[in-house]
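This report looks at one protein chain, from its overall make-up down to single residues. Please keep the sequence and the 3D view open while reading.

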Amino acid sequence: PQGDGADHDGHHTLTAVDLSDLDAPAIVWQSTDLGGTVRSLAWAGDLAALAIDSWVRIYDLGDDAAGPMPVSQSFAEDAYQRGLLWDGTVLYTGDLKVYDVSDASSPVLLGRGSGARSRLYRRDDAIVTSAGVYPVQCAL
C-alpha cells in the first residue's frame, strides 16, 4: 500500500509472509543480512525504503524468488532514521528531510525542515512530527 510505513527495530533481515490464508501464513522469502539494523520502512507498490542504522536505501520487493534487491545506493547518511513516510513520489525521513523518489534509483533531496528528530505519522492530508504538523508533499 502506498504511503504506509512501519517501525521494524532490531533486525538485520526482512521476511515476507503471505497472509492470504490467515489460518496458514507462509514465508515467501527471507533476506540475507542487510548490513545493519533495520530501524524503519516505508513502501509504495513493490518498492520499499529501508532505514538501516543511520542511512536509507530503496529496495525492490516484487520478485518473490529473489527477495529484496537494492535499487538505490545508500542516501540520507548520518540521519535519524526512526521514521519514514513514502507518499507518491516523495519520501520523508525522521530527521525531517524530504526526497524526490520519482526515480527510485537516484533519490534527490528536496529540502529539510528544522526542529527535533522525530517519528513520522500520516493524518489525513498532513504529516505529524514532534516538530509540528506539515502538509503532505511540502518541502517542510
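Among contacts between residues at least 6 apart in sequence, 41% join residues at least 24 apart. Contact here means heavy atoms within 4.5 Å.

The model is predicted: local features need pLDDT of at least 70, side-chain atom pairs count only at pLDDT 80 or more, and totals for chains, interfaces and linings use all residues. Residues are numbered from 1 along each chain as its sequence is written, and side-chain values use heavy atoms, with hydrogens and water left out.

**Make-up**

The protein has 14 strands and zero helices. Both are DSSP runs numbered from the N terminus: helices are H or I with at least four residues, strands are E with at least two. Of the 140 residues, 42% are buried. Buried means under 20% relative accessible area, exposed means over 50%, and partly exposed lies in between (1.4 Å probe, protein chains only). The protein exposes about 7200 Å², and carbon and sulfur atoms supply 48% of that area. Accessible areas come from the Shrake-Rupley method with a 1.4 Å probe; for residues, only the protein chains shown count as cover.

**Cores**

In soluble globular proteins, nonpolar side chains tend to be buried together. A nonpolar core is a set of buried Ala, Val, Leu, Ile, Met, Phe, Trp, Tyr and Cys residues joined through side-chain atoms within 4.5 Å. The largest one has 14 residues. Ala-49, Val-56, Ile-58, Phe-75, Leu-84, Trp-86 and Leu-91 have the most contacts inside it. Four strands, β4 (38-44), β5 (47-52), β6 (55-60) and β8 (84-87), each supply at least two residues of this core. A second, separate core has eleven residues, including Ala-16, Leu-34, Leu-50 and Ile-52.

**The aromatic pair**

Rings of Phe, Tyr and Trp (its six-membered ring) pair if their centres lie within 6.5 Å; planes under 30 degrees apart count as stacked, over 60 as edge-to-face and the rest as tilted. By this rule there is one aromatic pair. The ring centres of Phe-75 and Tyr-99 are 4.9 Å apart and their planes sit at 70°, so the pair is edge-to-face. Phe-75 lies in the loop between β7 (69-70) and β8, while Tyr-99 is in strand β10 (residues 97-100), 24 residues apart.

**A loop glycine**

Gly-62 is in the loop between β6 and β7. The C-alpha atoms of Gly-62 and Asp-46 are separated by 4.8 Å, although these residues are 16 apart along the chain.

| Residue | Relative accessible area | Class |
|---|---|---|
| Phe-75 | 8% | buried |
| Tyr-99 | 6% | buried |
| Gly-62 | 35% | partly exposed |
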